[in-house]
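Thanks for coming, everyone. I'll walk you through one model today, helix by helix. Have the view open as I talk.

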Amino acid sequence: MSGAVMGENDKIELDGVKLTEAQQKRRRQRNVAIAAVLVSLVVIFYVVTILKMGPGILARPL
Amino acid sequence: MTDWSSTSQEAPGFAPVAIASISMAGPHDYFELMKPRVMSLVVFTALVGMVLAPGGLHPVLAAISLLCIAVGAGASGALNMWYDADIDRLMSRTRGRPVPSGRVTAEEALAFGATMSVFSVLVLAVTANFLAAGLLAFTILFYVVVYTMWLKRSTPQNIVIGGAAGAFPPMVGWAAMTGSISIESIVLFLIIFMWTPPHFWALALLKSNDYATAGVPMLPVVAGETATRHQILIYAVLMALVGVAPAVLGFGGLAYALVSSASGLVFVWLAARVWRIREGAPARKAAGRLFAFSILYLFLLYAVLLVERIAGAIIG
């Protein structure tokens, strides 16, 4: 970024990119979807662990 | 405060940002990348493979395995859309897809497809077994590399060989339950493998201009419509014969024998009509009917196998 632009920045509030409402809405939807996938993965790994190893999971030799 | 909602390009104190490049893709666009209609067929055929298999996988683990197969199929669809965006843009049937329409970038589709591929294979390996995971990985690789990147643009036999990718799901389902491959799962594979050419060539007869515009060497474009009609009829006969194999081998019952024989005969009859009626609107109508019936045919065969097995389990 050029020095000239940085100079102008002194006068302009550093508020970054302001997304439109539609862009914010889509970003929120994507975030919720990613969160849902991550939570699903946690549940899947938990369930698979319990079903594969059963109660003996804590009694395994190290 | 500066409004960057229009088409501004440089935010103060930050690197230049093209607002137009900020993604407007929603979750439904990513879901569309996974080719949900193809995925539903994959889920259904894999489910039948799992139900027919004699394995003893816990029902919850089986459900997670089925989810992995569905996600793996969807991931390969996303990777296909990433690679084929240039030709999808040229065809009326595909130009509304997320990448050519600009809702998702090609890079996003690639990242999404690759991530889902890896996760689906790894989770299937943990949930079911390494054979099923290996088969799923091979299916994804076959569809993306062998079919999409290599065969699709280079030979009119593209969908004959590439059809194997769509035929693997019941075999993956069977392997997930049993940890093995058997004659039954090979027959389930062969039914879809032999079904694919007449199914797609009937569509290609209707959309040959699209494929020609995009430079995809589908059989009607390269060898002509007459040669395509011959091939459709030959494959329809072979497919109808393979279709009754489960009854002959004993894992399809009487209902399956009746349904597969009758629907196989209808399939061959419709293929014969496509072969016989070659000009104008009636020819297009005949191809359209064969295409529509081909979907019903595959559904019927697998549905009857499923119902017979469930009914057998209930009755004892």
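Buried, for this talk, means under 20% relative accessible area, exposed means over 50%, and partly exposed lies in between, with a 1.4 Å probe and protein chains only. Helices (H or I, at least four residues) and strands (E, at least two) are DSSP runs, numbered from the N terminus.

Some housekeeping. This is a predicted model, where local features need pLDDT of at least 70, side-chain atom pairs count only at pLDDT 80 or more, and totals for chains, interfaces and linings use all residues. Residues are numbered from 1 along each chain as its sequence is written, chains are lettered from A and ligands numbered from 1 in the order in which they are written, and side-chain values use heavy atoms, with hydrogens and water left out.

Chain B, then. Chain B has 15 helices and zero strands. Of its 316 residues, 52% are buried. Contact means heavy atoms within 4.5 Å. Take the contacts in chain B between residues at least 6 apart in sequence: 72% of them join residues at least 24 apart.

B:Lys35 sits in the loop between helix 1 (27-33) and helix 2 (36-52) of chain B. Its phi is near 50°, a positive value in a residue other than glycine. Why flag that? Most residues other than glycine have a negative phi. B:Lys35 also counts as buried, at 13% relative accessibility.

Next, helix 3 of chain B, residues 59-83. Its 25 residues should span 36 Å at 1.5 Å a residue, and the end C-alpha atoms are 36 Å apart, which agrees. The expected span is 1.5 Å times one less than the number of residues. In helix 3 of chain B, 19 of the 25 residues are buried, so the helix is largely enclosed by the rest of the structure.

B:Thr139 is buried, with a relative accessible area of 10%. Leaving out residues up to four places away in sequence, B:Thr139 touches B:Ala165, B:Phe168 and B:Val172.

That takes us to helix 7 of chain B, residues 158-167. How many of its 10 residues are buried? Eight, so to speak: helix 7 of chain B is mostly covered. The buried ones are B:Asn158, B:Ile159, B:Val160, B:Gly162, B:Gly163, B:Ala164, B:Ala165 and B:Ala167. Their cover includes helix 6, helix 8 (169-178), helix 9 and helix 12 of chain B.

On to helix packing. Axes are lines fitted to C-alpha atoms, for helices over the stretch in contact, and angles run from 0 to 180 degrees between N-to-C directions. Angles under 35 degrees count as roughly parallel, over 145 as roughly antiparallel, 65 to 115 as roughly perpendicular and the rest as oblique.

First pair on my list: helix 12 (residues 225-243) and helix 15 (residues 280-315) of chain B. Their axes come within 13 Å and cross at roughly 20°. Helix 12 and helix 15 of chain B are therefore roughly parallel to each other. Helix 12 contributes B:Arg229, B:Ile232, B:Met239, B:Ala240 and B:Gly243 to the contact, and helix 15 contributes B:Ala283, B:Leu290, B:Tyr297 and B:Leu301. By type, that contact has seven nonpolar residues, one polar and one charged. Here Ala, Val, Leu, Ile, Met, Phe, Trp, Tyr, Cys and Pro count as nonpolar, Asp, Glu, Lys and Arg as charged, and the others, Gly among them, as polar.

Helix 14 of chain B, residues 254-276, also meets helix 15. The axes of helix 14 and helix 15 of chain B come within 10 Å and cross at roughly 170°. The two are therefore roughly antiparallel. Their contact divides into 18 nonpolar, four polar and three charged residues. Buried residues of helix 14 of chain B include B:Tyr256, B:Gly264 and B:Phe267. What covers the buried residues includes helix 9 (183-206), helix 12, helix 13 (245-249) and helix 15 of chain B. B:Ala257 lies in helix 14 too, but at 23% relative accessibility counts as partly exposed.

Last, across the chains. Helix 2 (residues 21-53) of chain A packs on helix 5 (residues 106-127) of chain B at about 20°, axes 10 Å apart. They are therefore roughly parallel. A:Leu41, A:Ile44, A:Phe45, A:Val48 and A:Lys52 meet B:Phe119, B:Val123, B:Val126 and B:Thr127.
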